[in-house]
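Please open the structure in your viewer and keep the selection tool at hand.

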Amino acid sequence: MSERYLPDQSVNRLFAIRHAVVHREMESMAVEAAVDSLREVLDFLTGQRVDVAVFPEYLQPAACLQDLVKFSNGRVVVAGLEEVRNRTVAEELAQADADSSANMLLNRNVSALVAQGRVRLITKRFRADPESVAPGTGPDTVEVVVRGRAVRIGVAVCLDYLRAEEMVRDANAEILCVPAYTPKLNDFYPTEPRDHVRLLANSARHGGSTIMLPSLRGTLVNRLGVQPLPVGVEGIVIVDYDRYPSRPSGLKSPDNALRLRAELIESSDRVCLDLIEELRGEPSVEQLTELIERIPRSGPLHDLLLEYRLTVAGEAPEPNLLRMAREHPVVEPGARCATVRYRQAKRVADVLSNLPPDGETSIGAATDAYRGLVARLHPGPEPVAPMEDPDEQEELMLRPEAAIPSLERELLDDLIDKAVTLQSRIRTVSGAPTPHDLLRRSFSALDTLAELADLLDILGRVSESHSGFSWHNDLGHAKDQLGVLRGGLPKDLRAARSTMNHVSRTSLAEAAQVLHNALTRLRGRTS
């Protein structure tokens, strides 16, 4: 909650008994947002004609089950539900699955496999360190019919996948669904492809969601399957699945291909939506470079444009990459996690501010903590937090230049990191083993150079209004070397790409080293 979090400041401790209506409001906000978000994603998946869908562990409240049932007409969906903490919810869920009972579900981590309207509930057997749930029955496998084809689908929730995958292997599962919520993903990726498809759906907070199916056609794939989604990105991965590759391979290879690697984009995100609109034509390398620099975060859209730029530069544009770059689900921001947390924190802060002291709970400390949380979660521009020491704040107001060195130090730290990266990337260009690799390394160097130029420009603007600092000569020298690099690097790299010869980079490496030295001297003067 905050750096000064106290055990009695949780919503459950503050409101569950004496102000139960507020506690129920918090739960209702979360449930309504989860239902709205799920419906948006299910509508997108319906439009994509997806046959099997998997959602992460602990993602959907039990109230979402009816939406999953509705979606499952002609499809299969697997979703992590919740820890069932009260008998009412347990009894409601048990009514959906004839093989379950309230006692089997109570105090357990429950997931659902829904196919053709029929619900199969799975309870996790092996709990992770933070969990306090009772052990369930573990992995399960069922046979379903998808588009007239019988498919055995297994479900193993998070740690059950690591501890008991052999249960679904012994049951001859062709597709294994793994809802997960874990930051520790290394063990979830096998060292080599095995014997069935794995659909790993991990929480966006920890990233790593992927479809593990070897020999996929397309880019953004590796020997195990689709390149995993990065941390912090709510995304969707779709593949066209024919069959699992046999060993030894047969006369005819299976026709499996990556169809979509997308991210959820909020309808208020005009930067990304306008950028996608500009992809309606056939953008050039220069236009793609400009678009890539505008993307505010790493993720599928950024990855796709980087890959497409490589194919355009190699004069062999890959239309499937451009199609995927244009195709992302657009969702409303009100159902996003950050928005819901802000609304919850604001409601708690408002209620607390009107409560009288009760002698049992530190209402004042809790009010301050939640007000701080509201300020941090505010969806608008990030508010400036007041200084702890009012005398120090007054000193900064009277002498604004006193606050500048820390800003310039941070900029210079970033600049020096970029300069080191640029030196390394210039050195690696000439060793590229293939034309494709040479293009990739060339663009990496150019992208780093562009980032470095932007940072140096910001530093220059900051320093111009504070002439008391005695390092403008070094700053000018750094800008001169940057000019050499900006003029020479693109020219040399273009020549290398056109002739496929090694880059003549001696002068460029020297300029990068001089730039690094000048930045290091600047950093020393701000300490």
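**A guided tour**

Please note that the model is predicted. In a cartoon view, the protein shows 17 helices and 13 strands. Of its 527 residues, 46% are buried. Switch to a surface view next: the protein exposes about 26800 Å², and carbon and sulfur atoms supply 50% of that area.

In soluble globular proteins, nonpolar side chains tend to be buried together. Select Leu45, Phe55, Leu93, Leu113 and Leu305. These residues touch the most other members of the largest nonpolar core, which has 99 residues. Then colour helix α2, residues 20-47; with seven residues, helix α2 gives the most to this core.

Now centre the view on Leu113. Which residues does Leu113 touch, leaving aside those up to four places away in sequence? The list includes Val76, Val77 and Val78, and also Arg118, Val119, Arg120 and Ile122. Val142, Ile153 and Val155 complete the list of residues that Leu113 touches.

A second, separate core has 14 residues, among them Met26, Val348, Ala349 and Ala366.

**Second stop: helices α8 and α9**

Select residues 285-294 for helix α8 and residues 300-313 for helix α9. Their axes come within 10 Å and cross at roughly 165 degrees. Because angles over 145 degrees count as roughly antiparallel, α8 is roughly antiparallel to α9. The crossing in which α8 passes α9 is left-handed.

Show the side chains where the two helices meet. On α8, the contact is made by Val285, Leu288, Thr289, Leu291 and Ile292. On α9, the contributors are His302, Leu305, Leu306, Tyr308, Arg309, Val312 and Ala313. Leu305 was also selected at the first stop, as one of the residues that touch the most other members of the largest nonpolar core.

Select residues 337-353 for helix α11 and residues 363-377 for helix α12. At what angle do these two helices pack? The angle is about 150 degrees, and the axes lie 9 Å apart. The helices α11 and α12 are therefore roughly antiparallel to each other. Here too the crossing is left-handed, as α11 passes α12.

Among the residues of α11 that make the contact are Arg341, Tyr342, Ala345, Val348 and Ala349. The residues of α12 that take part include Ile363, Ala366, Tyr370, Leu373 and Leu377. Val348, Ala349 and Ala366 also belong to the second core.

Remain on helix α12 and select Gly372, which is found in this helix. Gly372 counts as partly exposed because its relative accessibility is 26%.

**Last stop: two loop residues**

Select Asn107, in the loop between α5 (102-105) and β3 (109-115). Its phi is near 65 degrees, a positive value in a residue other than glycine. Is Asn107 buried, partly exposed or exposed? With a relative accessible area of 37%, Asn107 is partly exposed.

Finally, move to Ser215, in the loop between β9 (210-212) and β10 (235-240). Ser215 is not a glycine, yet it has a positive phi of about 60 degrees. Ser215 counts as exposed because its relative accessibility is 54%.

Notes. Residues are numbered from 1 along each chain as its sequence is written. This is a predicted model: local features need pLDDT of at least 70, side-chain atom pairs count only at pLDDT 80 or more; totals for chains, interfaces and linings use all residues. Side-chain values use heavy atoms; hydrogens and water are left out. Helices (H or I, at least four residues) and strands (E, at least two) are DSSP runs, numbered from the N terminus. Buried means under 20% relative accessible area, exposed over 50%, partly exposed in between (1.4 Å probe, protein chains only). Accessible areas come from the Shrake-Rupley method with a 1.4 Å probe; for residues, only the protein chains shown count as cover. A nonpolar core is a set of buried Ala, Val, Leu, Ile, Met, Phe, Trp, Tyr and Cys residues joined through side-chain atoms within 4.5 Å. Contact means heavy atoms within 4.5 Å. Axes are lines fitted to C-alpha atoms, for helices over the stretch in contact, and angles run from 0 to 180 degrees between N-to-C directions. Angles under 35 degrees count as roughly parallel, over 145 as roughly antiparallel, 65 to 115 as roughly perpendicular and the rest as oblique. A crossing is left-handed if the near helix is turned anticlockwise from the far one by less than a right angle, and right-handed if clockwise.
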